[in-house]
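Subject: Structure handover, backbone notes

Hi,

My notes on the backbone follow below it.

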Amino acid sequence: MDRRTVLKGLAGAGGLALTGGLSAPAIAQGAAARTLRFVPQANLANFDPIWGTQYVVRNAAAMVWDTLYGIDSSFQPQRQMVESEEVTDDGTTWTFKLRSGLKFHDGAPVLSKDVVASLTRWAARDPMGLMIKALQQELTAVDDRTFKWVLKQPYPKMLYALGKNNSPCAFIMPERIAQTDPFKQISEYVGSGPLKFAKSEWVPGAKAVFEKFTDYVPRQEKPSWLAGGKQVMVDRVEWVIMPDPATAAAALQNGEIDWWENPIADLVPVLKKNKNISVDIGDPLGNIGSFRMNFLYPPFNDVKARRAVLMALSQEDYMRAIVGDDNSLWKPLPGYFTPDTPLYTEVGGEILKGKRDLDAAKKLLAESGYSGQPVTCLVAQDQPITKAMGDVTADLLKKLGMNVDFVATDWGTVGSRRAQKTPPGQGGWNMFHTWHAGADCVNPAPYTAIRANGDKAWFGWPTSAGTEKEVTSWFEAKNLDEEKAAIGRLNKAAIDDVVYAPTGFFLSYTAWRKNVSGVTKGPLPLFWGVSKSA
Amino acid sequence: MLSYILRRIVATLPVMAIVALFVFSLLYIAPGDPAVVIAGDQASPEDVERIRQSLGLDRPFLVQFGSWVWRILHGDLGTSIFTNLPVSAMIGQRLGPTLSLMIVTLLLTIVVAVPLGVVAAWKAGSLIDRVIMGFAVFGFSLPVFVVGYMLAYIFALELEWLPVQGYTPLTQGFWPWLENLILPAIALGCVYIALVARITRAAMLEVLQQDYIRTAKAKGLGQGGILFIHALKNAAVPIVTVIGIGIALLIGGAVVTESVFAIPGLGRLTIDAILRRDYPVIQGIVLLFSFVYVLVNLMIDVTYTLVDPRIRY
């Protein structure tokens, strides 16, 4: 082997690696205006909206799979794939008829058997689905376009469950795909919605492509969130994953992307100054910041210790740490439900209002018997929101005279460790920080974090009989007034027992180039009605 | 030579086996759980456990390790827990951008750093030398992401000469491919250029003291010929060594650079996989990087014979 042979070999190998296997779609210049380039909130790492319930998966899935009903901006379920429904007087038998002309992306018609299989898979994973499943007598296809759900007792929130936008949504898939074990991932992505998923172009962590499904039959009504006519105005939607916010901001300014789902607050002033960019609140339902205290171990197994923390915490401190000085991005939240939604209430929220009383909080903490034991506080440093809240909490606990064991770690570790029921010194914990999408907190149905049924509750395992009683009251409520009354009582009971500590309500912006029109506010980015000029 | 190369390749097998065991053990004992990430924030502990079972993460360490090694021996790196795609396919998707970035950075480094080092040695002690070495210290000191943001601001946002982010495959044209790599390569190459320039200077200073250089000057050879033909060739061994070792630097730097410039390469895949605890992907990438590193060392040894005929294996 001589020098020339080695050099030729190296050159050949390098060239092969650079050109081989790197095929990418060549987009003609004219087609650029028909392609919407979008930077989502996170990486689309998997694409099974039932198996993986992260919001980014739900957002992508809402383009590809349609639902039987869709919740509109007034929180009402509207027909989507369904043409009509009937319910018997005793409320136990629901009969649904599908719209005609519905097709899957492989050209096959959408049939009742597909719906039955899809709902069966969904009901095995969704909290509302599990409730319906527990009441289910049978779920059967009557004919190609009609199916029937027979229950042992009425479930008044049936249509809401089928149309809700909380993850997992009741997406309709072909029967062969929907028959996959709900705890295993699907590998075929044949949808029923207005856009097709281009699996061959999917580079997880970098890019996901969706193409307009020309055989989709939109409804005639005006679109409103997940309801109404889903008219797609572009040929392709490209999701470009950008982990670095500064890069996304620069790419938007440079016209390399068209729409950035959630610019961080620090970069918004720069974007607002750019004459080619529009900035507005993206999701009006926002988020609720929270930290949860472990009911199983001292000091927070005593309600006095939990109330002492609540009495001392300043939501403004938390919100400023998250959103900075922009007052339009946050609100105090003396309760647990999303502001500006029909069931919002402040009943029982006095402890979170007004001037903070540190002395009274210290006194209450002393009454709880707290004697300086370490409080293990888990804080994910790789999530700006939890990091900001964690720093404020550490300061708060120190002011209360608590001995803080501040565990700075990453979200993956927090997610794993928070499930440990062992004592804090043996791998367990006393508190951790998170936040909830406002869309999940509009009522108790999707609101896992508000449940307080002890061992079966979410992490922290809160027990509050009053809270649980009012959750049941809400499910049984027959009209909005009854629902509001139940939620008021629920809010008070949950605050009295401190199911968790709400740290405030915050919003975030979305930003897009001015040659893009039709961007609307919603609990998820809505691509129907969005168009782009050259 | 060929038998030497074969022996070295065979010798990599135990190294790879140790790396495999180390990586697998480390991930096993590391905190975190991919099932938690998959299930989402609202999932119940029961759902998380069901997902763990379906992924086989509840099996004992030895069973999991044995099954992974068995697959590796059959040329199967496994399937990503999250994407359900083969790890080899995911690595294949990401290899091109990272390889492109590394090649452009490497070329840029050689073209810039070696002449700078040669000139600095030639003008040792002068203002030119000090300026070049000052730049080298500057290059060492600046973090990759700071250089990246500065370059993007100046050349993409202000001057609009180059794109801020992304990657275009070479199949779509040479210039589209190159324009996406210029800024990342400069950002990534800063430290590397500084390192190679300093080593080149040091190696050249030693060679320039040799008798044969004085003889060459006495014979009336031009300065360029003396520096770049006679001296540089004899100073090449340490330079080649540093360029080779620096490839490890590039791999590390590529993680940051690919994030800053949104290049869909192996660096970003690594970070994503670690944050999500996508064990098969992490294991596959670490094995690949280890193999590349071993291979680079072998190439360095072979290159010695090309630049110095006295070295024979």
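This is a predicted model: local features need pLDDT of at least 70, side-chain atom pairs count only at pLDDT 80 or more; totals for chains, interfaces and linings use all residues.

Start with A:Pro299, which sits in the loop between strand S13 (287-293) and helix H9 (303-312) of chain A.

Chain A has another cis bond to look at. It runs from A:Ser167 to A:Pro168, again with omega near 0°. A:Pro168 belongs to the loop between helix H5 (158-163) and helix H6 (175-178) of chain A.

Next, positive phi values. A:Trp225 is not a glycine, yet its phi is positive, about 50°. Its loop connects strand S9 (207-212) and strand S10 (236-240) of chain A. Is A:Trp225 buried or exposed? A:Trp225 has 22 other C-beta atoms within 10 Å, so it counts as buried; the cut-off is 20 or more.

B:Asn84 also has a positive phi without being a glycine, at about 65°. Look for B:Asn84 in the loop between helix H4 (61-73) and helix H5 (87-122) of chain B. Here the count is 16 other C-beta atoms within 10 Å, so B:Asn84 is partly exposed.

Last, helix H12 (residues 236-260) of chain B. It has 25 residues. From first C-alpha to last it spans 33 Å, close to the expected 36 Å. H12(B) has a kink of about 35°, centred on B:Gly253. After H12(B) comes B:Ala262, with a positive phi near 50°.

Best wishes

Key
Residues are numbered from 1 along each chain as its sequence is written. Chains are lettered from A and ligands numbered from 1 in the order in which they are written. Helices (H or I, at least four residues) and strands (E, at least two) are DSSP runs, numbered from the N terminus. The expected span of a helix is 1.5 Å times one less than its number of residues. The bend at a residue is the angle between axes fitted to the seven residues ending there and the seven starting there. A residue is buried if 20 or more other C-beta atoms lie within 10 Å of its own, exposed if 12 or fewer, and partly exposed in between; C-beta atoms are placed from the backbone.
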